[in-house]
Amino acid sequence: MSPPVSNDMVPGELWARLRQTTPARIALGRVGHALPLGEVLDFQLAHARARDAVHAALDVAALEGALAPLPVRHVESDAPDRATYLRRPDLGRRLSPRSAALLAETGGRHDVVFVIGDGLSATGVQAGAARLVQACRTELGDLSIGPVVIAQQARVALGDPIGEALGARVCVMIIGERPGLSVNDSLGIYMTFAPRTGRSDAERNCISNIHGAGGLSPQEAARTLGWLLREALRRQLSGVDLKDDQTPALPFEDQNPA
Amino acid sequence: MSAVEVSILPFTCDLGGERHSFEDLRAVLAAASPARSGDELAGLAATSATQRVAARWVLADLPLTVFLSETVVPYERDEVTRLIIDSHDAAAFAPIAHLTVGGFRDWLLSEAADTAALAGIARGVTPEMAAAVSKLMRAQDLIAVAKKIRVVTAFRSTIGLPGRLSTRLQPNHPADDPRGIAAAVLDGLLHGVGDAVIGVNPATDSVPAATTLIRMLDELRERYAIPTQSCVLTHVTNALTIMERGAPVDLVFQSVAGSEAANAGFGIDLAVLREAHGAARALGRGTVGQNAMYFETGQGSALSANAHHGVDQQTMEARAYAVARAFDPLLVNTVVGFIGPEYLYDGKQIIRAGLEDHFCGKLLGLPMGCDVCYTNHAEADQDDMDSLMTLLTVAGCSFLICVPGSDDVMLSYQSLSNHDALYLRSVMGLRPAPEFEAWLAETGIAAPDGKLRSLTDGASSFVRRLAESLA
């Protein structure tokens, strides 16, 4: 493999300074009109890692271990496998009959229920969800918190029937975000007041880009959630009407198809 | 030919003794579409491969006039339908008014349908006619007809001339850092990219942040006399506010869809687009033309807003082009693979959709480009994008979107790279817009023969000055 060809039109020292201003793949050089091979393979590696993150299965036992000693429930959506999950977001938003029956039996009455959904990155959930739950619990210590629900083949709205069945005033869905080339383990938090099947995305608040490569830390995300959640309980709502210039959290706009 | 009898009953045909009936025009259109996940998700797709072909036989025998008498989305309930019907040009339609959808396909491929004839009928073609005929066309038909259509628009550069391929330079940054955006602009310019527009998607919805970027891009363009236009792709209502405050807005951008309800999901209606179009035109900032709007579309946007009215996603997409053409845009592109595998599952579906969108847009008279792209949860890769960009360029696509190294670090998806523009121009002998081509030569980015300078030639004094001012 030949070494990357630098772009001699702009001195290397200038490019080095420019590259510090953006994570974009600038100043890659070229071979003829094409990318140098090293850049091609680097791109393929990033894509492969993102693809693997999309298709990875959640190791539920390991996640449960990381959450211990918190009580945990397991559910799955109505999407039986990854291929179906990717094609049928509607199935990923509802519980399988078995899981619905299990939760109906459990019932409950809590201020908050946390749901951990694999979403589009089980890799991200495996790496960071347990820590994020702990950080959020620390922030919400005075509230009554239900069992943590681990949900497989889950979309954001799966939190609605789960929260409803467990009698949650607020459902907090922690879910793996769609992997990008630079970050494949980012998590998002979607908070819904009075969760029930049929809630619209405009009724949720989203805190996205929670990851260790320049994204929000678990503590920062937990602080934002703490503020939003107390406001939601006080004002009895969530979503666009809770938008506040004081917080960096944006109302959910259907950008992330999780 | 197989034993086929198309019944005089509406929407029914017999294929070798097997009867296929379709409830209404929407059902015929949906079942005739090539297979795609979005129509399956909506429960509208053909139930078998045979039924799909049956729908095409039925569609082929429908007169084009059926689309004027029967609307797929009710006229009373939808302003996009009202726009389509009320702005239909009967005189332009006259030369094709006697044709069936199948006859229209044959006419489009015939020598009679030359560039002038195709320009003549554009305002007589409705989106539903365009979508319908595209469902009877193979990929090569979509390419061959689009190639004959010429749509030329202009602002500071001229888009769509023969022998040209333009590009949008998309220098997005995850935190809207003006210096990072400027660095990506430099990278694009040095690849000869950016003659269609230098267009940034801002990471936030903030008016002050968008205004900062608009001023930065305009200053850069002014200082180096770059014959192109800039655009910050913020919501049209933000653009109105920004224009009111006197910031230098070249192009006004908006995502548009094919029904009133889907557009409401984007927070827009035709009235606000009309207002923005008027405001942008009033600024009079174009030098070689005054096409001041930029629209993006994409199959699946209506369904994702549950605003598709039981209509297949490709027909809904074509209806978005009726919205776009009401405002004489400089640029329109489908963001074909962005929306995800629940609408276009894999490379095959993305490629087909990209060719359909380009064809339908051109047939309706739009300056059609494409964001050749995919997400990491779609079954697609760079080979699929290479195929689609090559096919679209053969089809005469007006412009393509390029980002550094194919990696959009703000929107987390893969578009074309700046290098891809070099490949396409090289293998197909195409050049950028004439104004921009002259600028590339004057500044020494390109050699006198129009080719980008070899990397070992060293920097022209201009490029050195440009890079130093940005670093």
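Colleague: How many bridges join strand E1 (residues 72–76) of chain A to E3(A)?

Modeller: This is a predicted model, where local features need pLDDT of at least 70, side-chain atom pairs count only at pLDDT 80 or more, and totals for chains, interfaces and linings use all residues. Residues are numbered from 1 along each chain as its sequence is written, while chains are lettered from A and ligands numbered from 1 in the order in which they are written. Helices (H or I, at least four residues) and strands (E, at least two) are DSSP runs numbered from the N terminus, and two strands pair if DSSP finds at least two bridges between them. E1(A) and E3(A) run parallel, with His74(A) opposite Ile150(A), and the number of bridges joining them is five.

Colleague: Which helix does the chain pass through from E2(A) to E3(A)?

Modeller: Strand E2 (residues 110–117) of chain A also runs parallel to E3(A), joined to that strand by three bridges, and Gly117(A) has Ala151(A) as its bridge partner. The β-α-β crossover between E2(A) and E3(A) is right-handed (clockwise from the first strand over the helix to the second, with the strands pointing away from the viewer). The helix on that path, residues 122–139, is H7(A).

Colleague: How many residues of E3(A) are buried?

Modeller: Let's go side by side along residues 148–152. Val148(A), Ile150(A) and Gln152(A) point one way, Val149(A) and Ala151(A) the other way, and all are buried (20 or more other C-beta atoms within 10 Å of a residue's own; 12 or fewer is exposed, in between is partly exposed, with C-beta atoms placed from the backbone). So in E3(A) the count is five of five.

Colleague: Which helix gives the largest share of the side of chain A that touches chain B?

Modeller: The contact (C-beta atoms, placed from the backbone, within 7 Å) takes 39 residues from chain A and 42 residues from chain B. On the chain A side, the elements giving two or more residues are H1 (12–19), H2 (37–55), H4 (82–87) and H5 (89–92). With six residues, the largest share comes from H2(A).

Colleague: And chain B, what is its radius of gyration?

Modeller: Chain B has 22 helices and 16 strands, and 58% of its 471 residues count as buried. Its C-alpha trace spans about 75 × 45 × 45 Å along the principal axes. For 471 residues a compact globule would come out near 23 Å (2.2 Å times the number of residues to the power 0.38, with the radius taken over C-alpha atoms). Chain B agrees with that, at 22 Å.

Terms used:
Two residues are in contact if their C-beta atoms, placed from the backbone, lie within 7 Å.
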